[in-house]
Amino acid sequence: MSFDYKLQPHSTIPAPEGPLMVCILDGFGENEFKDEYNAVHVATTPTIDALRAVPKRFRTIKAHGTAVGLPSDADMGNSEVGHNALGSGQVVDQGARLVDMALETGKMFEGDGWKLISQAFSKHTVHFIGLLSDGGVHSRADQLFGCLRGAAARGAQRIRCHVLTDGRDVPDGSSVKYVEELEAVLAELREKGCDARIASGGGRMKVTMDRYEADWSMVKRGWDAHVLGKAPYTFTDAKTAVTTLRGPEDATVSDQYLDAFVIVDEAGAPVGTIEDGDAVVLFNFRADRMVEISKAFEYQDFTTFDRERYPVGLRFVGMMQYDGDLKLPANYLVPPPEILHVSGEFLVKNGITTFACSETQKFGHVTFFWNGNRSGYLDAKLEQYLEIPSDKIEFNKAPDMKAREITAASKEAILSGKYKVIRVNFANPDMVGHTGDLAATIRAVETVDACVKELLETVDQVNGRWIVTADHGNADDMVQRDKKGKPMKAEDGKPLPLTSHTLAPVPFFIGGKGLPDGVVLRDDVPDAGLANVASTTFNLLGYEAPGIYKPTMVQMAA
């Protein structure tokens, strides 16, 4: 039975003369802690301040936990699940929750992906590659531990872990703790007769975990370390590797940027290269930073960089399938969430044109994730996706990133008259916030505020409407806090930087010269979250929202 995508005119809100712009301020939360460590609060933001002051056209919405399909409200939101919710109008169980359920029920160990890797259990090595932390954005250490114990209990004779240190979704410096926890689990497995060790590693922003093909050299560094056993540094144990590469206290290297390392035996030989017949598991559940390394493992004719050696008979799986359109990887441990009837499908099937723009670091979020994890266009005749290449540097060194270029391109699209929907994402508050550099993050927020002003003025020129919101918090809290909310400081008195996302709600604004005065935010949906944005978008376009979506947040006042 075919699904009916026909949109009906709204009963009280007329269609706009100009386009509707949806602007996402990535990592821009509305935090309860309004002190000097809240970059959103400290920054000079006359545009956003003015929007907050407009009655009945500003509110906050939930962007974390169960509101975006994560296991609990203690789980931080992230850009992947946030844009899934924004684009689909629905809340679906997401990666972390799906993996939890697969482990809890044991279904992970019954699927085709597990059957594939189990072929290596008796005579070959099973390798686990991924981000070692409990940040819950890309992976969780307890899920890795569950996989390791599951493999050993089911006959795996030799296990090697290739660990990427975090310092981004968790406090910087916590890499040592996670390595110690993993080593304890591996020791437990060795006591039961399984040869289990850490084999290689490196920082997540230096090794393996590139995304959107921004820097393939990261992936090559990972391949060299994990597969070939080649890296700038060798150590006999992972804890020594991490503590040494972090350097002295007065010149500490962030966990994110640790150089690649390889663990060697007493003779100096790597303890865990990936060989013919071995199995490889990428244990991250989030897709964006696993696609490139998946291509290197999956495609025998891969040519993006010289792999030097490709293991014959490799049994390769992802924790999940990271790209549904590319069917990449072909084998996986946990089936992906099925997100159907996303807002983009309604738009193209009703002939509504769309322009989507961001820079490389967030381009997939306003396209792939927005479209329910689908690559490419839904309808190339009606959509235009524009990627502005990101700088290949640490983002606090250039906190403006590509905000001005995104603004210029989006203004041109607004004025062109070609598009009824303009979708824009500014990466700065999130990507600079992840560096822990408070001053740079304040600058990033101020830059974005100025760019938003230009976009709103441009929408007004063509009598359009707009939504301004965010996908999760980050820049709104840049310091670690104790249970009472008091900023925590190191022994030298310096504040301990917070580089992760936050649990804060995010702002939601509506407006535009083309928006009738009577259109206001409802006060009867107090628990609204990111999934409520899609219905609101359709209403502001002059259509009734699809019945399968979370309720709209707007109404025409009586």
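A residue is called buried when its relative accessible area is under 20%, exposed when that area is over 50%, and partly exposed in between, as computed with a 1.4 Å probe on protein chains only. By that definition His-501, at 4% relative accessibility, counts as buried. The model is predicted, and local features need pLDDT of at least 70, while side-chain atom pairs count only at pLDDT 80 or more. Residues are numbered from 1 along each chain as its sequence is written.

**The annotated site**
- An unreviewed UniProt entry lists Asp-430, His-434 and His-501 under "binding site", and such annotations may be inferred rather than shown by experiment.
- These residues are spread over 72 residues of sequence, yet they cluster in space, with a largest C-alpha distance of 7.9 Å.

**Asp-430**
- Asp-430 is found in helix α15, which covers residues 428–433, helices being DSSP runs (H or I) of at least four residues and strands (E) runs of at least two.
- Because its relative accessibility is 1%, Asp-430 counts as buried.
- Beyond its neighbours within four places in sequence, Asp-430 is in contact (heavy atoms within 4.5 Å) with residues including Lys-362, His-472 and His-501.
- The side chains of Asp-430 and Lys-362 make a polar contact at 2.7 Å, a term for a pair of N or O atoms within 3.5 Å, of which, within protein, one must be able to donate a hydrogen and the other to accept it.

**His-501**
- His-501 is found in the loop between β13 (465–469) and β14 (506–511).
- A polar atom of the His-501 side chain lies 2.8 Å from the backbone oxygen of Gly-77.
- Leaving aside neighbours within four places in sequence, the contacts of His-501 include Asp-430 and His-434.

Technical notes:
Side-chain values use heavy atoms; hydrogens and water are left out.
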